[in-house]
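Here's a quick briefing to read with the model open beside you. Take a look at the fold before going on to the notes.

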Amino acid sequence: MRYSQLLLPTLKETPAEAEIASHQLLLRAGFIRKLTAGVYAYLPLGLRTLRKIEAIVRQEMNRAGAQELLLPMVQPADLWKESGRWEKYGPELLRFVDRHQRESCLGPTHEEVITDLVRMNVHSYKDLPLNLYQIQTKFRDEIRPRFGLMRGREFVMKDGYSFDASEAAAGVTYNKMKETYSRIFARCGLSCRAVEADTGTIGGNFSHEFMVLAATGEDTIVVCTACDYAANMEKAACPAPALTAAKPAPLELERIATPGKKTVDEVTTFLGITPDQLVKTMIYLADGKPVAALVRGDHEVQPVKLKNLMGAVDVELASEDTVRKVCGLAPGSLGPMGLTMPVVADHQVMAMANMVTGANQDGVHLKNVNQGRDFPVALAGDLRMATAADPCPHCHGRLELPRGIEVGHIFKLGTSYSEALQATFLDDQGKRQPFVMGCYGIGVSRCIAAAIEQNHDDNGIIFPLPIAPFQVILLSLSVKDAEVTKAADTLYEELMKRGIETLYDDRNERPGIKFKDADLIGIPLRVMVGKRFIEAGEVEIKHRGSGATEALPMAGAADALAAMLDRLMAGATKG
């Protein structure tokens with residue numbers, strides 16, 4: 001492709017709306033353009049990279065025995081009501097009514113649709129296992145779309161669904177998909193880690209997220225340095241404290257004035273105690289009803305853990321106005337004593353004695369508060385965020401908390417959807433059984449952003465070779481010199497004949513501008529025809545990733561580049 005004919009509107013300045021590197025660079029490098037909030041058009045270079053990721057996904061899914069299909073994006077409400085998710089999914093599900101007053105939605109995911117398809121067309125255990133997938137545009141009405149392709153409302157996703165005759169067979173399929181996903185992300189050039197995860201609105205009983213490790217990741221993950229344990233914050237287990245000795249005897253309750261002291265640091269400093277001696281009382285709304293969640297002063301509530309512990313559909317932190325309404329005061333001096341709502345405590349709190357809490361009176365705290373004597377606990381369990389100070393729940397090794405970007409998620413769904421939609425088959429005994437299902441998603445468009453977050457520098461993108469829009473960018477550094485232009489034209493034709501994906505910068509621009517644009521768009525190999533060719537009959541090669549340069553004789557340069565790309569691609573795709 002000749003640069004002079006390509007729609008590639010690069011930008012010198014970083015758009016004000018772009019907060020993270022991938023968003024900034026995708027806009028500056030002319031890969032995407034915003035249509036409306038969370039919705040982007042893919043320009044030619046962006047689409048080329050998207051298609052390359054799709055091709056890798058297809059190759060590996062087909063290799064694993066999955067079959068591709070394409071399902072409708074518009075889905076009838078009846079199916080979602082049948083599964084029970086029409087009410088549960090939340091406002092991210094974009095619902096609408098057509099001219100015939102039929103309720104429908106734009107598909108954020110396709111569990112209902114695929115289950116309906118299979119229940120109508122698959123009837124015997126002899127047709128199992130079955131693994132189906134699609135690559136399709138999804139829509140989720142995010143309340144705050146941000147970060148470009150990282151969290152948009154419209155996005156491209158690979159979603160797959162497996163159907164097995166037994167839990168054991170479903171486990172085999174799940175493990176095969178876990179291995180397949182690892183190969184996909186390795187082939188895309190992404191450094192990725194599979195972590196245990198909560199199943200969320202998809203449902204099921206077990207799942208893994210695939211997280212690209214990047215300092216700008218939205219999520220914190222928990223990784224053991226001594227074993228292979230890894231989990232996201234929603235799932236990372238915090239072991240219950242070992243009770244090696246009896247609790248101290250309860251002391252007499254004391255009221256202490258703490259004027260103007262509201263934060264943990266302020267209260268503990270004023271009282272001369274450490275944060276692990278204080279208990280925070282946080283008010284949440286669980287399915288719209290207030291609940292008090294108790295954690296130690298040095299810990300934070302994990303809302304998903306709280307939701308799961310309570311068996312709630314939705315949990316959110318109460319606003320200050322709501323706290324005033326249900327407790328009679330603002331956060332800062334809240335405590336569990338005398339509350340009329342359920343109290344849920346982290347198991348670290350259950351191990352404490354003579355703790356400090358708020359007194360439910362502005363500017364007053366209580367010392368020597370004890371669970372049981374002074375307040376009841378309706379539920380107790382693990383409801384806090386893990387910290388680097390916690391031991392690994394598997395081997396008691398040291399934990400690290402790196403940042404990550406979720407690019408894939410796989411679920412063991414079990415029979416939740418097949419039972420709800422009455423999707424059954426006849427087993428080898430002639431009895432009807434519900435399909436045992438799995439669900440497997442990849443954020444294909446998000447992979448572009450994740451790759452850039454993991455691979456960029458101050459000058460621009462550094463694309464991994466397998467997903468770069470082009471393999472080579474060829475620069476003619478003196479388009480007014482007929483000899484240089486002829487040599488660059490000839491080399492371009494030779495590269496194209498060898499099937500090397502080449503962007504030929506034939507513009508009448510200064511070399512400095514061409515260098516900057518080449519670095520910005522991140523093509524792995526830069527080939528320059530200029531002064532060195534005139535003086536020595538050589539072309540100069542620069543590797544975008546390492547910055548290393550080398551010279552090649554013009555004669556045979558195309559063959560040498562083809563061999564170089566073969567070696568680089570072999571190293572990149574060894575997964």
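Let's start where two helices touch: G46, T49, L50, I53 and E54 of helix 2 meet V444, S445, C447 and I448 of helix 12, with contact meaning heavy atoms within 4.5 Å. By class, that contact has 5 nonpolar, 3 polar and 1 charged residues. Here Ala, Val, Leu, Ile, Met, Phe, Trp, Tyr, Cys and Pro count as nonpolar, Asp, Glu, Lys and Arg as charged, and the others, Gly among them, as polar.

Keep in mind that this is a predicted model, where local features need pLDDT of at least 70, side-chain atom pairs count only at pLDDT 80 or more, and totals for chains, interfaces and linings use all residues. Residues are numbered from 1 along each chain as its sequence is written, and side-chain values use heavy atoms, with hydrogens and water left out.

**Overall picture**

- The protein chain has 16 helices and 32 strands; these are DSSP runs numbered from the N terminus, with helices (H or I) of at least four residues and strands (E) of at least two.
- Along its principal axes, the C-alpha trace spans about 95 × 70 × 50 Å.
- Of the chain's 575 residues, 51% count as buried (buried is under 20% relative accessible area, exposed is over 50%, partly exposed is in between, using a 1.4 Å probe and protein chains only).
- Among contacts with a separation of 6 or more, 68% come from residues 24 or more positions apart.

**Domains**

- The domain assignment gives domain 1 (29-191 + 415-453), domain 2 (254-381) and domain 3 (460-570), with bounds that come from an automatic or database domain assignment.
- Taken over C-alpha atoms, the centres of domain 2 and domain 3 are 63 Å apart.

**Helix pairs**

- Back to the opening pair: the axes of helix 2 (residues 44-63) and helix 12 (residues 444-454) come within 9 Å and cross at roughly 110°. That makes helix 2 roughly perpendicular to helix 12.
- For the angle classes, under 35 degrees is roughly parallel, over 145 is roughly antiparallel, 65 to 115 is roughly perpendicular and the rest is oblique. The axes are lines fitted to C-alpha atoms, for helices over the stretch in contact, and angles run from 0 to 180 degrees between N-to-C directions.
- The axes of helix 13 (residues 482-497) and helix 16 (residues 557-572) also come within 9 Å, crossing at roughly 45°. That makes helix 13 oblique to helix 16.
- In this second pair, L491, E494 and L495 of helix 13 meet A557, A558 and L561 of helix 16. The tally by class is 5 nonpolar, no polar and 1 charged residues.

**Backbone spots to check**

- A cis peptide bond joins L128 and P129, with omega at about 0°. You'll find P129 in the loop between helix 5 (111-121) and strand 7 (130-139).
- Q101 isn't a glycine, yet it has a positive phi of about 65°. Q101 sits in the loop between strand 5 (95-97) and strand 6 (103-106), and it counts as exposed because its relative accessibility is 61%.
- N354 isn't a glycine either, and its phi is positive at about 55°. Look for N354 in the loop between helix 10 (347-350) and strand 18 (355-361); at 17% relative accessibility, N354 counts as buried.

**One glutamate**

- E266 lies in helix 7 (residues 264-271) and counts as partly exposed, at 34% relative accessibility.
- Leaving aside neighbours within four places in sequence, E266 is in contact with G260 and K261.
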